[in-house]
Amino acid sequence: MPRLQWTRATCATLLALVGALSLTACSDDEDNKPDPGGPKVDAGTDAGTETDAGTDAGPTVDTGIPWDGGSAGDFSCEGKTQTTLNFAPGQEEALQDQVNTLVECTTITLAPGTYTFDNAITIRQNGITLVGAGKGAKGEGTGGAQSTVLVFTNAAANSNGLDVVGNRFTVSDLAVWNAKKDAIRVESSTDVVMRRVRTEWEKADNEKNGKYGLYPVKSKYVLIEDCEAYNAADAGIYVGQTQYAVVRNSVAKQNVAGIEIENTQYAYVLGNTAQDNTTGLVVFDLPGNPIRGSDIRVKNNIITGNNRNNFASVAASSSTVSQVPAGTGTFMLASRRVELTGNTWGNNNTVDVAVLSGLTIEPNPALWAAGGLNFASADVYVHGNTFQGGSGDSVDNGNLSPQLRPLGAALAALYAYGETKGSLGVEHLVWDGVDPYGHERTQVNPINICFVENTLPSGTGNVIADLDLVAAGALVAKGNFAGGWALTRHYPADKAEFNCAGFTPALTIGDNIQP
Amino acid sequence: MWTPFVNPRLPVVLLALSLAACGSSDPENPGRTPDSGTPVSDAGTGDAGGCDFDNMDGGSLDASVPIPNALSGFGLFTGSPADGGLVPVEGNVPYTLSTPLFSDYAVKSRTLYIPPGRVAHYEPVAALDLPVGTLITKTFAFPADLRKPDQDVRVIETRVLVHQPSGWEAWPYVWNPEQTEATLATGGRSRDVTFVDLEGSTHAFKYSVPSKNQCQQCHHLVDDAGAQVMHPIGVKARYLHRTNTYDGVERDQLEHLAALCKLDGLPAPAQLPKAPDAFDTQAASLDTRARTYLDINCAHCHNPKGTAGITSQLFLNFDNASVFSLGECKRPGSAGAGVGGEFDIVPGNHAESILWYRMHTEESGKMMPQIGRTIHHAEGSQLIADWIDSMPAKTCK
């Protein structure tokens with residue numbers, strides 16, 4: 001995944017700032033020479049004229065089918081022979097052999113206890129249900145009388161825990177422990193259910209942990225509910241390149257990204273808890289992917305205290321989340337038609353909600369061609385949420401790295417200066433001000449971000465920021481903090497241009513799903 | 001002269017190739033008696049003039065090949081590693097590849113069985129078009145010391161690709177410690193392996209026999225409907241166009257198959273494609289050798305019809321002419337954290353090239369290929385490093 005690169009403020013540059021403002025010293029290598037070509041703020045140099053004004057999500061909007069959250073694909077087990085296979089701890093080898101010759105519509109029942117595997121459980125059949133005795137509790141690497149734990153600690157390198165391609169797949173009531181790669185990967189499947197499942201790695205803050213916990217990808221009609229995901233080195237709960245997904249009543253903690261909705265169309269993210277991650281609950285599109293994400297409803301989630309240092313943020317990384325500053329509650333990048341309502345944000349040290357252009361990670365619009373030039377963010381409706389406060393007061397926990405986490409470094413640089421001008425920290429909602437690329441600055445809200453009826457801490461000043469990041473970042477990278485800060489804009493919650501009622505047509509995803 | 005890295009093949013004791021032509025079906029394991037009725041047109045000329053191709057492929061599709069619980073049930077071999085050699089029966093043709101896939105330094109032997117009355121059709125680029133009923137075997141073994149490749153050889157597994165009427169299937173068989181029989185292990189197995197390499201260093205690792213379903217991770221092409229369809233990988237003309245010893249006589253493998261009336265449409269030798277031995281510096285340019293290595297080791301997934309290729313848009317097939325999709329200054333789709341750099345290939349700088357890094361590392365989650373490798377291929381990663389470093393240096397943006 002591309003690196004954020006709209007600014008390459010050098011460590012030396014930031015150190016100057018750091019020295020002046022007594023921030024934590026940055027720890028980058030001293031040999032990062034200033035870029036002779038000046039700051040790389042070449043975000044989409046030729047995208048301006050082609051970019052839609054952003055107040056809608058394209059010429060036609062399809063709000064999707066009235067999905068009730070259940071099976072909606074073609075494959076069904078009704079009227080077919082149903083087979084059940086029962087296994088107990090100690091029968092791992094027999095289980096593996098049978099898993100590779102399953103007939104369709106087989107239920108595999110795993111008795112309570114601990115199962116130890118040396119390879120992935122690879123399922124390539126339709127209509128398979130895998131059910132244990134319970135997911136156990138956080139920290140439990142062994143099964144008990146009422147839990148089934150699948151242990152992959154000594155499994156083959158690169159292997160997933162469950163690796164599934166099959167329609168009508170259900171996994172429930174078990175835990176996957178220490179998978180080498182992804183704990184539960186379900187790919188190219190229709191009608192997928194993950195229920196009361198826990199994915200966990202034993203060690204916290206370990207970059208070598210598997211990347212994803214619950215990982216449905218390139219799939220359709222996905223339901224994740226009552227699940228838990230801990231210590232993933234990328235995302236605990238990830239829904240990617242998928243159409244129609246529900247993630248609800250689940251818990252994601254101690255991951256780099258708690259819950260991640262990527263290149264996905266029609267997602268309903270309801271009633272989850274994302275705490276103690278580097279970033280809590282994120283929505284974005286990546287370049288080069290054919291699914292243009294849209295119609296994402298994020299409702300009644302708790303997204304607080306996501307301040308875990310980014311443990312995937314190591315040198316020579318190409319992943320997106322490895323570049324996210326600690327303390328980012330929610331960010332949306334290259335996303336459109338996103339509704340955020342009934343959620344609670346608070347104590348996210350960098351920012352509660354950020355809206356970013358895809359050009360910040362891949363400035364070449366041509367590389368967004370697969371998804372229909374889906375780099376711009378637009379139509380973000382933030383209403384009826386609670387902002388508890390305590391956020392935006394310690395960007396990236398003060399642990400800044402322009403190379404590894406440039407967004408955090410730039411935010412810190414700007415707001416460190418801003419504090420000297422009376423800013424009280426990063427606002428609850430930050431927009432990078434990039435889309436539509438090259439828009440007139442007289443346009444206050446050209447991408448239709450609506451921020452209404454949210455509960456804010458008493459005494460809140462400005463709530464919304466437009467960072468004009470390309471221009472401001474360029475100045476900051478040259479050491480001109482005053483000039484950079486002067487380009488940014490800061491608005492109170494009642495700023496008229498952001499007092500709007502969402503977008504048309506409104507989302508329907510979730511309307512037919514029973515709580 | 002015996003250089004397993006350059007040209008791995010099973011030791012003589014194991015394969016006993018010179019005995020292959022003498023082998024008849026083991027009376028205790030009748031299985032199929034592959035071609036008792038097939039004329040062995042052992043025409044030394046290499047032409048296929050004696051074959052009645054018009055009368056092949058004419059019959060209706062066979063019933064499915066039954067999958068036995070023991071490898072011996074196929075009747076493809078006589079003997080066993082324990083009694084001096086696993087000997088292919090007549091009609092089960094041993095072959096080697098000019099550059100093989102690396103599999104943890106395992107030495108491999110391969111056989112191709114095409115049923116009587118059937119014939120494979122030549123393909124210039126794709127795998128040979130093999131008829132229903134074809135069986136391909138690949139046997140993986142480790143000598144205790146790669147410097148003494150024919151001593152203390154332990155055979156781990158034999159994989160059988162079966163061309164059923166419904167398509168290809170892959171079945172793994174794992175050899176018992178006594179080396180007398182291999183048993184179907186559809187779930188795959190894990191085996192502790194130790195060997196001494198050519199430098200005298202000891203490698204101890206957990207060798208993973210893939211499960212049946214995992215075979216498809218490499219052995220597939222995505223069809224027009226988006227479904228993965230299983231395919232063989234190695235049996236391509238460019239890798240097969242090389243000599244082997246049959247009946248004590250050296251001959252080209254493709255011509256040998258044609259002479260057996262098992263391959264039609266074979267063009268004249270001058271028109272045959274040839275992939276070099278990637279580690280024979282005399283055989284081809286560095287670029288060609290590196291591209292050959294990537295083709296056989298990576299391109300079964302990293303091609304425009306492989307799932308990983310489709311996802312990553314990184315195409316390492318030898319005939320990909322786009323330097324960008326070959327990885328030059330290409331940002332990866334989802335290579336993850338800590339993979340050496342930001343671009344798949346930074347010309348002139350292998351150390352910052354993700355392609356090299358992921359081939360070189362032994363770290364789970366970062367290493368490539370996804371399965372089939374636990375330890376790194378020193379010679380292979382050096383080849384790719386040399387290749388990248390030989391490119392005119394370039395700064396990627």
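Two strands are taken to pair if DSSP finds at least two bridges between them, and helices (H or I, at least four residues) and strands (E, at least two) are DSSP runs numbered from the N terminus. On this basis, strand S7 (residues 162–165) of chain A is joined by 3 bridges to strand S9 (residues 184–187) of chain A, the two running parallel, and within this pairing Asp163(A) stands opposite Arg185(A) in S9(A). The structure is a predicted model, in which local features need pLDDT of at least 70 and side-chain atom pairs count only at pLDDT 80 or more, whereas totals for chains, interfaces and linings use all residues. Residues are numbered from 1 along each chain as its sequence is written, while chains are lettered from A and ligands numbered from 1 in the order in which they are written.

The predictor gives the complex an ipTM of 0.83 and a pTM of 0.87. For chain B, the pLDDT (the predictor's confidence in each residue, from 0 to 100) averages 86, and 85% of the residues score at least 70. Over residues 1–48 of chain B, however, the pLDDT is below 50, although this stretch has 108 contacts in the model beyond near neighbours in sequence; a contact here requires that the C-beta atoms of two residues, placed from the backbone, lie within 7 Å. Where pLDDT is low, the predicted coordinates should not be read in detail.

In chain A, S7 and S9 belong to an open sheet of 12 strands with mixed pairing, in the order S4-S7-S9-S11-S14-S17-S20-S23-S26-S29-S31-S32. Its edge strands, each of which pairs on one side only, are strand S4 (121–124) and S32 of chain A. Neighbouring strands of this sheet are turned by 10° against each other on average, direction ignored, where axes are lines fitted to C-alpha atoms, for helices over the stretch in contact, and angles run from 0 to 180 degrees between N-to-C directions.

S31(A) pairs with strand S29 (residues 429–431) of chain A in the parallel sense over 3 bridges, and with strand S32 (residues 489–492) of chain A in the antiparallel sense over 4 bridges.

The peptide bond from Asp435(A) to Pro436(A) is cis, with omega near -15°, and Pro436(A) lies in the loop between S29 and strand S30 (449–452) of chain A. A cis peptide bond also links Thr504(A) to Pro505(A), with omega near -10°, Pro505(A) being found in the segment after S32 of chain A. Asp295(A), although not a glycine, has a positive phi of about 60°; this residue lies in strand S21 (residues 294–299) of chain A and counts as buried because it has 27 C-beta neighbours inside 10 Å.

Chain B contains 8 helices and 16 strands, and buried residues make up 50% of its 397 residues. Of the contacts in chain B with a separation of 6 or more, 60% are accounted for by residues 24 or more positions apart. A positive phi, near 55°, occurs in chain B at Cys329(B), a residue other than glycine, which lies in the loop between helix H6 (307–312) and helix H7 (354–360) of chain B and is partly exposed, with 16 other C-beta atoms within 10 Å.

Chain B is divided into domain 1 (12–271) and domain 2 (286–390), bounds that come from an automatic or database domain assignment. The contact between them takes 21 residues from domain 1 of chain B and 19 residues from domain 2 of chain B. On the domain 1 side, S11, H2 and strand S12 (220–222) of chain B each supply at least two residues, and the largest share, 5 residues, comes from S11(B).

The contact between the chains takes 33 residues from chain B and 33 residues from chain A. On the chain B side, strand S11 (202–209) and helix H2 (212–218) each supply at least two residues, with H2(B) giving the most, 4 residues.

Methods:
Buried ≥ 20, exposed ≤ 12 C-beta atoms within 10 Å, placed from the backbone.
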